[in-house]
Amino acid sequence: CIQKKTKGKQRLIEKQIRNRKKKQNAREHGIIANREDKGVEASKKLFPAIELLHDPQGLVETILKRVKSSGSNTYKFEVKMLMLNFVTRVVGNHELILLPLYPLLQRYMGGHQRDVTAILAYSVQSCHQYVPPEEIYGILKTIAHNFITERCSEEQMAVGINAVRSICARVPSVLSTEEDETDGDGREISSSWDVEAFTRDLAGYAKHKDRSISIAGRGGVN
């Protein structure tokens, strides 16, 4: 006989789905909030199947194009997040160059954006040593503006500082303090990113009265 789906079983299924979503969100939140990012090499060991992909560059370019070109009703928000999670994971593990990805991530970094902690985690995992620092400056500025200010909650500030720390650890060239470059006529090209001032501001949070912020600040100093 065919077993009918009772209301009790339907509620049980819905509860299991909610629990799985909570575990996934908690895992992504832990990467940033608990400073669990161990870098590119550790990520490769966690996701070995990604290493076997054929033409990963072509794959992420195709998926990113679909995310960018899709209208508001083409994909649900949850599906877009899954697509971005996959793209950023592949980019980080294979150390690919996908420049249009970083401005897109910035668009989802509003302080009140849905699942913004996941977006920060995706931003971290998309970074590696070969990403041009100019592409990372915009992300760091957006995080600093939307998360690392006194108008934000303590949790938001700690998450923002930890995200910045993880990104800088993966792309150490963003902290370079080389002298200004010159153009073809010998004129100096001033840098739009004051690295020293930025690092000083982060170091100042090591003495913040909130414990989570001070721990994040000390981690940034180290």
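# Reading a predicted model by its cut-offs

In this predicted model, buried residues make up 41% of the 222 residues in the protein.

Q: What makes up the secondary structure of the protein, and which pattern does the chain follow?
A: The protein has 10 helices and two strands, and read along the sequence these elements follow the pattern α-α-α-α-α-α-α-α-β-β-α-α.

Q: Why is His128 called buried?
A: The relative accessible area of His128 is 0%, and the word buried is used for values under 20%, so His128 is buried. This residue is found in the loop between helix H6 (116-125) and helix H7 (133-146), and its side chain reaches the backbone oxygen of Leu96 at 2.6 Å.

Q: Why is Ile97 called partly exposed?
A: Ile97 has a relative accessibility of 39%, and partly exposed covers the range between the 20% limit for buried and the 50% limit for exposed, so Ile97 belongs in that middle class. Ile97 sits in the loop between helix H4 (77-94) and helix H5 (101-107), and together with Leu99 and Tyr130 it makes a nonpolar surface patch of about 280 Å².

Q: Why is H8 described as largely enclosed?
A: In H8, 13 of the 17 residues are buried, so this helix is largely enclosed by the rest of the structure. Helix H8 (residues 154-170) reaches 25 Å from its first C-alpha to its last, close to the 24 Å expected at 1.5 Å a residue.

Q: What makes the pair of Glu78 and Arg114 a salt bridge?
A: The side chains of Glu78 and Arg114 meet at 2.3 Å, N to O, and a salt bridge needs a side-chain nitrogen of Lys or Arg within 4 Å of a carboxyl oxygen of Asp or Glu, so the pair qualifies. Glu78 lies in helix H4 and Arg114 in the loop between H5 and H6, so the pair ties together parts that are 36 residues apart in sequence. A search of the whole structure finds one salt bridge. Glu78 is partly exposed at 36% relative accessible area, and Arg114 is partly exposed at 46%.

Q: How do you know that Gln125 is buried, and which side chains does it meet in polar contacts?
A: Gln125, which lies in helix H6, has a relative accessibility of 5%, and buried means under 20%, so Gln125 counts as buried. Its side chain makes a polar contact of 2.7 Å with the side chain of Thr88 and another of 2.8 Å with the side chain of Arg89. Not counting residues up to four places away in sequence, Gln125 touches Asn85, Thr88, Arg89, Gly92 and Arg170.

Notes: Residues are numbered from 1 along each chain as its sequence is written. This is a predicted model: local features need pLDDT of at least 70, side-chain atom pairs count only at pLDDT 80 or more; totals for chains, interfaces and linings use all residues. Side-chain values use heavy atoms; hydrogens and water are left out. Helices (H or I, at least four residues) and strands (E, at least two) are DSSP runs, numbered from the N terminus. Buried means under 20% relative accessible area, exposed over 50%, partly exposed in between (1.4 Å probe, protein chains only). Patches are made of residues with over 30% relative accessible area and no salt bridge: like charges are joined within 9 Å, nonpolar side chains (Val, Leu, Ile, Met, Phe, Trp, Tyr) within 5 Å. Accessible areas come from the Shrake-Rupley method with a 1.4 Å probe; for residues, only the protein chains shown count as cover. A polar contact is a pair of N or O atoms within 3.5 Å; within protein, one must be able to donate a hydrogen and the other to accept it, and residues adjacent in sequence count only if both atoms are side-chain atoms. The expected span of a helix is 1.5 Å times one less than its number of residues. Contact means heavy atoms within 4.5 Å.
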